[in-house]
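Dear colleague,

I am handing over the structure we spoke about, and below it I set out what was found when its atoms were examined. Please read the notes with the model open beside them.

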Amino acid sequence: MSRIVFLTAMLAGLVLQASTVFAGGWTHAPGKGYFKLNEQIIRSDSYFEPSGDRIDITDQSRYTTSLYGEYGLANRLTLVGYLPFYQRISEDRHGSEAKTGTGDWELGARIGLLTSRATVVSIQVMAGLPLGDSFSDQQEVGLFTGDGEFNQLFMLQVGHSLWPTPGYLKAEIGYNNRESDFSDEIRYAVEAGFMVGERFGVSGWVRGAKAIGTDGEWTVYDQQYVSFGPEVSFYVTSNAGITAGVTRYTGAHNVLDAPAWDIGLFLKL
């Protein structure tokens, strides 16, 4: 496999671990919050190249350990963070090298606009901090944990409680302002979730990103996809438990063609 194909596939892997965060429109009361420690595993032997066609690649693996958190700082104001603090990525062939380190972090805030009814509306602003090693660091083997750009993501979020049915619906749409050679993106998502009894929760979603300004001329930096998947939750106590889920990708450009498997521990304050 040529160096450019290898570098492109490694870059494509970043979108899978970064697209797992989707919160909806609810804010937390001061001192309340939600935290999740998550492990994501991706192993792939193919990816969607810039044209959208699938091609075979040398097997690659990416393990990401992350902390996602929401914390109510004040009425209608919730701090939000996604911290992939440990990653291990490798090209799985005999004698191949591996890379470990932190990924790019996302920090921001959610501001509640409508918060007192069954339907809530919020805006969320996130900043992507390029803390991971990137292709700009001139690594010889191209095992990078970040994309080297400082992006800004602006989202409009809506949530709707189905009470007295124990369930919810939520959706969001927003604009991801990217730098350097990356194309800007429209981000969107819809999700539905329900409780089954007192301890089991199930949810399903569709999420996506649409690259802007490509005009049919795709480069290795223009990422686009539609993803979908389920998640199940088991409450060990009334405010803590275990989650497991899987995400698949389709209609993609510059994205690994592989499921992203997640397992995590969550805590509600």
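Leaving aside its neighbours within four places in sequence, which residues is Q224 in contact with? With contact taken as heavy atoms within 4.5 Å, the residues that Q224 meets are A209, K210, A211, W218, G251, A252, H253 and V255.

Before going further, please note that this is a predicted model, in which local features need pLDDT of at least 70 and side-chain atom pairs count only at pLDDT 80 or more, while totals for chains, interfaces and linings use all residues. Residues are numbered from 1 along each chain as its sequence is written, and side-chain values use heavy atoms, with hydrogens and water left out.

Overall content

The protein chain has 1 helix and 14 strands, where helices (H or I, at least four residues) and strands (E, at least two) are DSSP runs numbered from the N terminus. Of its 269 residues, 46% are buried, a word that stands here for under 20% relative accessible area, with exposed meaning over 50% and partly exposed the range in between (1.4 Å probe, protein chains only). Among the contacts in the protein chain with a separation of 6 or more, 60% are between residues 24 or more positions apart.

Q224

Q224 belongs to strand 11, which covers residues 224–235. Because its relative accessible area is 15%, Q224 counts as buried. Its side chain also reaches the backbone nitrogen of A211, at 3.0 Å; a polar contact is a pair of N or O atoms within 3.5 Å, where within protein one must be able to donate a hydrogen and the other to accept it, and residues adjacent in sequence count only if both atoms are side-chain atoms.

Strand pairing

Two strands are said to pair if DSSP finds at least two bridges between them. Strand 2 (residues 54–74) pairs with strand 3 in the antiparallel sense over 13 bridges, and L67 stands opposite L83 in strand 3. These two strands form a hairpin with 2 residues between them, and R76 in the turn has a positive phi of about 70°. Strand 3 also runs antiparallel to strand 5 (residues 105–114), to which 6 bridges join it, with G81 opposite L107 in strand 5. A further antiparallel pairing, over 4 bridges, links strand 3 with strand 4 (residues 98–101), where Q87 stands opposite G101.

The nonpolar core

A nonpolar core is a set of buried Ala, Val, Leu, Ile, Met, Phe, Trp, Tyr and Cys residues joined through side-chain atoms within 4.5 Å. The largest one has 9 residues, namely Y34, Y68, V80, Y82, M126, L153, M155, Y235 and F266. Strand 3 (77–91) and strand 7 (151–161) each supply at least two residues of this core.

The largest pocket

On a 1 Å grid over the protein atoms alone, a pocket is an open set of points where a 1.4 Å probe fits, with protein on both sides within 12 Å along at least five of seven lines, and lining residues have an atom within 4 Å of a point. Grid points are joined across faces, edges and corners, and a volume is the space filled by probe spheres set on the points. The largest pocket holds about 1,200 Å³ of space and is lined by 43 residues, of which Y34, Y168, K170, E191 and K268 lie nearest its centre. Strand 10 gives the most to this lining, with 5 residues.

Two further residues

I41 lies in strand 1 and is partly exposed, because its relative accessible area is 32%. The C-alpha atoms of I41 and Y63, 22 residues apart along the chain, are separated by 4.8 Å. P30 is found in the loop between helix 1 (3–18) and strand 1, and counts as partly exposed because its relative accessibility is 43%. Not counting residues up to four places away in sequence, P30 touches G72, L73, A74 and N75.

With best regards
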